[in-house]
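Please read it alongside the sequence and the model below.

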Amino acid sequence: MTHRRAVGLTIGMGLLLALPAVIHAEPTPRQTMFAWDAPADSTAVTGYWLYYAPEAESPRVYSNARRVEIPDPAVRQIAVVDFSATLGRLCARVTARNAAGQESDFSNEACGFFGIPAPSGLRVQ
C-alpha cells in the first residue's frame with residue numbers, strides 16, 4: 001500500500017481588515033494540488049524540491065529562489081493555497097534528492113491555474 005501525504009504552500013498574502021463597526025467577508029482561498037510519482041528506485045530518495053515559475057514567463061526560470069523543500073520522501077503532493085486571488089497560471093517541476101544532497105534531473109513540467117481573476121476598475125463615485 002502506498003501512502004501519500006500532502007504539504008501546503010502559501011503563495012501571496014491575505015489582507016484582513018478589523019473594523020469593529022463594519023461587517024466584512026474574507027475571500028475563500030483556492031487550493032490546487034501539484035502531485036507526482038516517486039522515481040522507479042525510490043529507496044535512496046530522502047526528499048524532494050518543488051520548483052515553480054509563472055507560466056507567462058518566457059523562458060521560465062526554475063531557480064533556488066523559487067523552490068519549496070519537501071523533506072519527507074513519502075510526500076507526493078503539495079497544496080498551493082492562494083490568499084491573494086491573483087496568482088494566475090503557475091508551472092512547476094520536481095526533483096528528488098538523496099542523503100548526500102545530490103539532486104536528480106527535473107521532472108516534466110506541469111502548469112495550472114491557481115486563484116481566480118480579481119475584479120478591476122474599482123472607484124469611488
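In this predicted model, E69 is partly exposed, because its relative accessibility of 42% lies between the limits of 20% and 50%. E69 forms a salt bridge with R97, and the closest N and O atoms of the two are 2.9 Å apart. Since E69 lies in strand β4 and R97 in strand β6, the pair ties together parts that are 28 residues apart in sequence.

- In one of them the side chains of E55 and R89 meet, with an N to O distance of 2.2 Å.
- E55 sits in the loop between β3 (47-54) and β4 (67-70), whereas R89 belongs to strand β6 (residues 88-97); the pair thus links distant parts of the chain, 34 residues apart.
- E55 is partly exposed because its relative accessibility is 26%, and R89 is likewise partly exposed, with a relative accessible area of 38%.
- Another salt bridge joins the side chains of E109 and R60 at 2.8 Å, N to O.
- This pair also links distant parts of the chain, 49 residues apart: E109 is in the loop between β6 and β7 (110-114), and R60 is in the loop between β3 and β4.
- E109 counts as partly exposed at 35% relative accessibility, and R60 is partly exposed with a relative accessible area of 27%.
- In general, side chains of opposite charge can pair when their charged atoms come close.

**The second largest pocket**
- The volume of the second largest pocket is about 270 Å³.
- Its lining comprises 18 residues, of which A35, W36, V94, S107 and N108 are the closest to the pocket centre.
- Strands β2 (30-35), β3 and β6 each contribute at least two residues to the lining of this pocket.
- The largest share of that lining comes from β6, which supplies five residues.
- By residue class, the lining consists of eleven nonpolar, four polar and three charged residues.

**Where the topics meet**
- Strand β6 holds R89 and R97, and β6 also provides the largest share of the lining of the second largest pocket.

Definitions and conventions: Residues are numbered from 1 along each chain as its sequence is written. This is a predicted model: local features need pLDDT of at least 70, side-chain atom pairs count only at pLDDT 80 or more; totals for chains, interfaces and linings use all residues. Side-chain values use heavy atoms; hydrogens and water are left out. A salt bridge is a side-chain nitrogen of Lys or Arg within 4 Å of a carboxyl oxygen of Asp or Glu. Helices (H or I, at least four residues) and strands (E, at least two) are DSSP runs, numbered from the N terminus. Buried means under 20% relative accessible area, exposed over 50%, partly exposed in between (1.4 Å probe, protein chains only). On a 1 Å grid over the protein atoms alone, a cavity is a set of points where a 1.4 Å probe fits but cannot get out, and a pocket is an open set with protein on both sides within 12 Å along at least five of seven lines; lining residues have an atom within 4 Å of a point. Grid points are joined across faces, edges and corners, and a volume is the space filled by probe spheres set on the points. Ala, Val, Leu, Ile, Met, Phe, Trp, Tyr, Cys and Pro count as nonpolar, Asp, Glu, Lys and Arg as charged, and the others, Gly among them, as polar.
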